[in-house]
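Reader: Please show me the model, and then let us go through some questions on it.

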Amino acid sequence: MAPNTEKSNNNDFTLLQVHDSDSPMFPEKQKATSRKQFTWFLLLKLHRVLTCLSWLTNCLKATFALVKKRVSLADMSDEGPKSRGKLYRFIKIFLALSIGGLAIEIIAHFNKWNLHNMIQPWEVQGLLQWCYVAWLSFREDYVAPLVLMVSKFCIVLFLIQSLDRLVLCLGCFWIKYKKLKPTFEADACDVEDPSNFPMVLVQIPMCNEREVYSQSIGAAAQLDWPKDRILIQVLDDSDDGNLQLLIKEEVASWKEKGVNIVYRHRLIRTGYKAGNLKSAMSCDYVKDYEFVAILDADFQPNPDFLKLTIPHFKGKPDLGLVQARWSFVNKDENLLTRLQNINLCFHFEVEQQVNGYFLNFFGFNGTAGVWRIKALEESGGWLERTTVEDMDIAVRAHLNGWKFIFLNDVKVLCELPESYEAYKKQQHRWHSGPMQLFRLCLPAILTSKISVWKKTNLIFLFFLLRKLILPFYSFTLFCIILPLTMFIPESELPLWVICYVPIIMSFLNILPSPKSIPFLVPYLLFENTMSVTKFNAMISGLFQLGSAYEWVVTKKTGRSSESDLLALAERESKSSNEEKILRRHSESGLELLGKLKQSEVPSKKKRNMLYRKELALALLLLTASARSLLSAHGVHFYFLLFQGLSFLIMGLDLIGEQVS
């Protein structure tokens, strides 16, 4: 039934309006409700602010406690004066000047001295203001033009390197679009006639690889190749007598199962990995083999590795190297391994694949590759003159006319360094060695018989642009010039240099590993942070400084072993005879493990470290960010702030493996 809406003679509203609490006839009630709602709104906002402040306070307390604990417990034995060097002293001087400059700028800011228009001499009050005015005049006339010239030079290098990266990405997109990849003839290997298989030598160089030696030997022993056409050399350079015995027993156990495998140990351990490989190639029986596959101790190929690589050599007498791609079992272990995976995915997917397809040349990665022994011999064999023997032999083979092939779809499982200490030492060797090699190879490149285009590519792109210019401008532009321009605003860097172009380049780097796109900003900061290590290594290699010839074996954890053993067990379960072999192998491994525990000498307790160069740069960038805050620079402030915090995290060794 419809509601009763009787009309009143003296009023113009209905009964329904009278009973409505929202009626305009009750303004006092509306005001009370509004005040009550506004009060609750303010209380809710206050609660949120207090919750946020409490969370920030707890985070700061936890951070300071962590920093205090890290400083008190950190190991600084490897960060002595020799390892810091002149670069660290330069950063300290720059830091002291920046702190002094910040103090003067703060005084000028709060005293409201005119920073834009020159102050007249009669307006100067006190010695400090007179010094400040004199500094402004000197800075504008002499310092700013010099800084501007250096920054423009670095920006030009930055743009050239960015263009090179863009061209590589376009080449990769073209390969993907056209589905281009190396192929081989279907009848390259006659499965029914094993005698037609070429003779292959497999070399496993190792040095104190306690965590991974058994699995690497086991993976090589499982390669699918006729037993009489393959020989595995375990090249052990370990200086631990107990470990040598364990490796010998591991080799003996596989030899009893019919695997053609030998153990070699050098009495005179010189030349690091190059010396080890050179010694192994001097054996008399090597002349009976046509190809040599090199696998580092943590690399564990699939059984079909040789059948996917060796056939590419058939019908190509000028082919010297077939390189496979690396894949990483621990890429998701921590933030450090995720960021490394981004870099290496770009290296293999873009750099190696594009250079291999269009130029038939790239740097040998030192492992997971197959060489034609004739190419090694004609190129001079392994030389001990640098710490990058793999790049050395690749350059010499290229100068002798040999071609290379990169197989992006053939992957070999390996392991990434999980600690910042191990990664830092690895990067130092990888960036100092190319500069050593460039100094030694330049005369040979200039006098070689290869084409002018190949000489230009080798000198300007392969060495100068990608090995020298990249670490130079990364460190100089973003770690020195950028904080310097905060105190010299006349030479301020444009936004596209510090923000837009780096983000685009970082995005291109991440494309080969699309799952890592959420790590775009951490990756950009991480690359700038690592520039100090790469720059220091590049300078030491170029000028033959003390640390240029330092070789430290990258620490392994043996994580790749676990998944490989599971895969191995699945493959071996197909045959009962092979199951027995696997069971005997496991029992032998347990016996060896028991012996190892009995003879193991307690090692020094491992601790995380402090890195003083990174900490000094963190303070420098944070000081520059405080100066940019006074000038309300915006993007410059946020970039310097987060870059400084990333240096602080690296300096305190808070990224990667944490030792309790």
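Author: Arg325 forms a salt bridge with Glu349, a salt bridge being a side-chain nitrogen of Lys or Arg within 4 Å of a carboxyl oxygen of Asp or Glu. This is a predicted model, in which local features need pLDDT of at least 70 and side-chain atom pairs count only at pLDDT 80 or more, while totals for chains, interfaces and linings use all residues. Residues are numbered from 1 along each chain as its sequence is written, and side-chain values use heavy atoms, with hydrogens and water left out.

Reader: How far apart are the closest N and O atoms of Arg325 and Glu349, and how many residues apart is the pair?

Author: The salt bridge of Arg325 and Glu349 has its closest N and O atoms 2.5 Å apart. Arg325 is in strand β5 and Glu349 in helix α9 (residues 335–358); helices (H or I, at least four residues) and strands (E, at least two) are DSSP runs, numbered from the N terminus. The pair links distant parts of the chain, 24 residues apart.

Reader: Are Arg325 and Glu349 buried or exposed?

Author: Buried means under 20% relative accessible area, exposed over 50%, and partly exposed in between (1.4 Å probe, protein chains only). By that scale, Arg325 and Glu349 are both buried.

Reader: Which residue forms a salt bridge with Lys403, and is Lys403 buried, exposed or partly exposed?

Author: The partner of Lys403 is Asp318, with the closest N and O atoms 3.5 Å apart. Lys403 is in strand β7 (residues 403–414) and Asp318 in the loop between α8 and β5, 85 residues apart. Asp318 has a relative accessibility of 32% and counts as partly exposed. Lys403 has a relative accessible area of 35%, so Lys403 is partly exposed.

Reader: Which parts does the salt bridge of Lys273 and Asp296 tie together?

Author: The closest N and O atoms of Lys273 and Asp296 are 2.9 Å apart, and both residues are buried. Because Lys273 lies in helix α7 (residues 272–281) and Asp296 in the loop between β4 and α8 (305–309), the pair ties together parts that are 23 residues apart in sequence.

Reader: How many salt bridges does the structure hold?

Author: Some of them form a network, which links Glu105, Arg139, Glu490 and Arg627. For the structure, the number of salt bridges is 19.

Reader: Why is strand β2 largely enclosed by the rest of the structure?

Author: Ile230, Ile232, Val234 and Asp236 point one way from β2, while Leu231, Gln233 and Leu235 point the other way. Strand β2 (residues 230–236) is largely enclosed because seven of its seven residues are buried.

Reader: Which strands pair with β2 in the parallel sense?

Author: Two strands pair if DSSP finds at least two bridges between them. Seven bridges join β2 to strand β1 (residues 200–206), and these strands run parallel; Ile204 stands opposite Val234 there. Five bridges join β2 in the parallel sense to strand β3 (residues 261–265), where Leu235 stands opposite Arg264.

Reader: With which residue does the side chain of Thr529 make a polar contact?

Author: Thr529 lies in helix α15 (residues 520–542) and is buried, at 0% relative accessibility. A polar contact is a pair of N or O atoms within 3.5 Å; within protein, one must be able to donate a hydrogen and the other to accept it, and residues adjacent in sequence count only if both atoms are side-chain atoms. At 3.0 Å, the side chain that meets Thr529 in this way is that of Gln643.
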